[in-house]
Amino acid sequence: ESKVETESHRLLAERPTERQQAYELVESLDRQLCEMRESLALSVEQLNERRQGGAHGPAAQQLTQLVGVLDVHLSAFSWLDAQSSSLDDALRHVDALMADPHALAHLAARFAPQGI
């Protein structure tokens, strides 16, 4: 009987320790999860600010405006380059026609005023 009582006291003494350890583990996990949630929320907020151009301050705004202006200039220069290439092709075609006397006579006859 005393052996059973001793064993039961030992088991009862161990259980609070196991319970306490489990409780401490749960508290630790809860703290870690809260910290991770806060860290994740901060990271998402920073990412959203970067995506929306959320860099605050006059330097960032000036840089954004400058990039916009440069983009417009690049588009304009690309259009001018395409138009100059087209004009260059047309001028080469005219030069070829001017070099060919038969083609030149044909054009002169075609565009000559009628009835003179």
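Analyst: One definition comes first: a helix here is a DSSP run of H or I with at least four residues, numbered from the N terminus. Keep in mind that this is a predicted model.

User: How many helices and strands are there in the protein chain?

Analyst: The protein chain has three helices and zero strands. Its elements run α-α-α from the N terminus on.

User: Why are R92 and D88 said to be separated by about one helical turn?

Analyst: Both sit in helix α2, four residues apart, so about one helical turn separates them.

User: What makes the pair R92 and D88 a salt bridge?

Analyst: The cut-off is a side-chain nitrogen of Lys or Arg within 4 Å of a carboxyl oxygen of Asp or Glu. For R92 and D88, the N to O value is 2.4 Å. That is within 4 Å, so the pair is a salt bridge.

User: How do you know that R92 forms a salt bridge with D89?

Analyst: The closest N and O atoms of R92 and D89 are 3.1 Å apart. The limit is 4 Å, so this pair counts too. R92 and D89 lie three residues apart in helix α2, about one turn of the helix. Salt bridges with shared partners join D88, D89 and R92 into one network. The structure holds two salt bridges.

User: Why does L63 count as exposed?

Analyst: L63 has 52% relative accessibility, and the cut-off is over 50%, so L63 counts as exposed. L63 is placed in helix α2, residues 58-99. Together with L66, V67 and L70, L63 makes a nonpolar surface patch of about 380 Å².

User: What share of the protein chain counts as buried?

Analyst: Of its 116 residues, 2% count as buried. The accessible surface comes to about 10,900 Å², and 61% of that belongs to carbon and sulfur atoms.

User: Why are α2 and α3 called roughly perpendicular?

Analyst: α2 and helix α3, residues 101-111, pack at an angle of about 100 degrees. Angles of 65 to 115 degrees count as roughly perpendicular. The angle falls in that range, so the label holds. L97, M98 and A99 of α2 make the contact with P101, A103, L104 and L107 of α3. The axes are 5 Å apart.

How values were computed:
Residues are numbered from 1 along each chain as its sequence is written. This is a predicted model: local features need pLDDT of at least 70, side-chain atom pairs count only at pLDDT 80 or more; totals for chains, interfaces and linings use all residues. Side-chain values use heavy atoms; hydrogens and water are left out. Patches are made of residues with over 30% relative accessible area and no salt bridge: like charges are joined within 9 Å, nonpolar side chains (Val, Leu, Ile, Met, Phe, Trp, Tyr) within 5 Å. Accessible areas come from the Shrake-Rupley method with a 1.4 Å probe; for residues, only the protein chains shown count as cover. Helices (H or I, at least four residues) and strands (E, at least two) are DSSP runs, numbered from the N terminus. Buried means under 20% relative accessible area, exposed over 50%, partly exposed in between (1.4 Å probe, protein chains only). Axes are lines fitted to C-alpha atoms, for helices over the stretch in contact, and angles run from 0 to 180 degrees between N-to-C directions. Angles under 35 degrees count as roughly parallel, over 145 as roughly antiparallel, 65 to 115 as roughly perpendicular and the rest as oblique. Contact means heavy atoms within 4.5 Å.
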